[in-house]
Amino acid sequence: MTSATDQTRSDIAAMLPRLRRFARALTGQMTDADDIVQIAVERALTRIDQYQAGTQLDSWMFSIVRNAWIDEARSRTRRGKVFAPAELGEQVGNDGEAEMHTKLEADDVWVAMRKLPDEQREAVALVCVEGLAYRKAAETLGVPIGTLTSRLARGRDALQVMLGGAQ
Amino acid sequence: MSVDENMLMAFADGELSGAERDEVEAALEQDASLRGKLAAHQRLRARLSAAFDGALDEPVPARLAEAAEPRAADVVNLAERRAARWSALKWGAMAACVIFGVFVGIGVMNNDPPLMESESNGLVARGALATALDTQLASEQAGAVRIGLSFRAQDGRYCRTFDLTEGATAGLACRDADRWNVMMTMANAVGGEVRMAGAPPEVLAAVEAIIVGEPLDARGEAAAREANWRR
């Protein structure tokens, strides 16, 4: 049992780059992305016994990251601060890194993704960024596959419009 | 034209095979505007990759690597927690069996009102389950009942998925004139907060079979509650 747990832990560790990528697409913020990945990893490890070996670890982890972001966004709404870019900037250690964060976050694609409704952004992030199959993406989000594809189609259309045909 | 937007999108995402894929490929050969749309899909995916793939090449920050690192001390704790959870699960399963006995009408020996009752036309939600189906939004903190998706069924009724946090049971209920008919229930072994979002696959399949359009969003859900779930 211990070895299975260790195996799952090292599988999660190996997924960290992908979890960061997904979280960036989901939050559109560099620091937020790493914060929710950390929260998600901690949650996953305290409930590792709920993970059933043989089921899809990536779907499980993506859904935990997504729930962590929903919780975070909800508690921010409660506290009345949806985005606080200046404050986020202060948390960043050094100027070079801060500059890189600012530059990336200002990228057209990041800006456009932030403007999508959450439901469309989740679908785009799982399918177009993470490359999940429709069935798996739908399971991760807990919605029927037809709902996933229609959110995906609307998200894509909106991105095409914002990004000028994605040239 | 037989190839619609959704089919083209599915093709671009590698979701089609066999006859459907052949159909799109044949249409692409003949239709320049379709080729243009496919190219736009591919450009968008390429731009999304370019924007976010950087995360794959960057070194992972130490705080994240440490969060995931196996540590001997934790393993013991986890084992203990697992043992504790197992007994909780067993008790939950036993409680669920007892509750199910109550559902089908034996419930005189239990002081808690039953959550479901068998009537001539099927299982009907009662007590905390009926209250949650009537009033609780998916976004609200769950008590004994967690609400998942709310949606319109083909027959015009509002339906909602739920799971019972204690009894490890998930299900689907649809609103008749003055009651919630429980359409299905099933054991939901992986309960708790870190389960897959929403309902288990079997319940989702039942949703898929009867849903019209999309699940209600938060506003639609609140409006339907306001209208007392009347069609």
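**Group meeting: a predicted two-chain model**

In secondary structure terms, chain A has nine helices and zero strands. Chain B also has nine helices, but it comes with seven strands.

Let me give you a few overall figures for each chain. Chain A has 167 residues, and 46% of them are buried. For chain B, it's 30% of 231 residues. Then there's the question of how far along the sequence the contacts reach. In chain A, take the contacts with a separation of 6 or more: 67% of those are between residues 24 or more positions apart. In chain B, among contacts between residues at least 6 apart, 41% join residues at least 24 apart.

In soluble globular proteins, nonpolar side chains tend to be buried together. Here the largest nonpolar core has 51 residues, and the two that touch the most other members are A40(A) and V65(A). Which helix gives this core its largest share? That's helix 2 of chain A, residues 30–46, with eight residues. If you click on V65(A) and ignore neighbours within four places in sequence, you'll find it in contact with L19(A), F22(A), A23(A), I36(A), V37(A) and A40(A). There's another core, apart from that one, with 29 residues, including V124(B), A125(B), Y158(B) and V203(B).

Next up, where the two chains meet. The contact takes 55 residues from chain A and 46 from chain B. On the chain A side, several helices each supply at least two residues, among them helix 3 (57–79), helix 6 (108–115) and helix 7 (118–129). Which helix of chain A gives the most to that side? It's helix 1 of chain A, with 13 residues.

Let's look at a couple of helix pairs. Two packed helices are described by the angle between their axes and the distance between the axes. Start in chain A with helix 8, residues 134–141, and helix 9, residues 145–162: their axes come within 9 Å and cross at roughly 100°. So helix 8 of chain A sits roughly perpendicular to helix 9 of chain A. The residues doing the touching are Y134(A), R135(A), A137(A), A138(A) and L141(A) from helix 8, against I145(A), L148(A) and T149(A) from helix 9. By class, that contact has six nonpolar residues, one polar and one charged.

Now over to chain B, with helix 1, residues 5–12, and helix 3, residues 32–52. Their axes come within 10 Å and cross at roughly 50°. Helix 1 of chain B and helix 3 of chain B are therefore oblique to each other, and the crossing is right-handed. From helix 1 of chain B you've got L8(B), M9(B) and A12(B), and they meet L34(B), K37(B), L38(B), H41(B) and Q42(B) in helix 3 of chain B. This contact comes out as five nonpolar, two polar and one charged residues.

E221(B) is in helix 9 of chain B, residues 218–226. Is E221(B) buried or exposed? Buried, because 21 other C-beta atoms lie within 10 Å of its own, and the cut-off for buried is 20 or more. Leaving out residues up to four places away, E221(B) touches L137(B), A138(B), S150(B) and L216(B). L137(B) is 84 residues from E221(B) in sequence, yet the two are 7.0 Å apart in space, C-alpha to C-alpha.

After helix 9 of chain B you get to N228(B) and W229(B). Most residues other than glycine have a negative phi, and most peptide bonds are trans. N228(B), though, has a positive phi of about 60° and isn't a glycine. W229(B) isn't a glycine either, and its phi is positive too, near 60°. How about burial? N228(B) is exposed, with 10 other C-beta atoms within 10 Å, whereas W229(B) counts as buried, with 20 C-beta neighbours inside 10 Å.

That's the tour. Happy to take questions.

Definitions and conventions:
Residues numbered from 1 in each chain as written. Chains lettered and ligands numbered in written order. Predicted model: local features only at pLDDT ≥ 70, side-chain atom pairs only at ≥ 80, totals over all residues. Axes fitted to C-alpha atoms, helices over the stretch in contact; angles between N-to-C directions. Helix = DSSP H or I, 4+ residues; strand = E, 2+ residues; numbered from the N terminus. Parallel < 35°, antiparallel > 145°, perpendicular 65-115°, else oblique. Left-handed = near helix turned anticlockwise from the far one by under 90°. Contact = placed C-beta atoms within 7 Å. Nonpolar A, V, L, I, M, F, W, Y, C, P; charged D, E, K, R; others polar. Core = buried A, V, L, I, M, F, W, Y, C linked by C-beta atoms within 7 Å. Buried ≥ 20, exposed ≤ 12 C-beta atoms within 10 Å, placed from the backbone.
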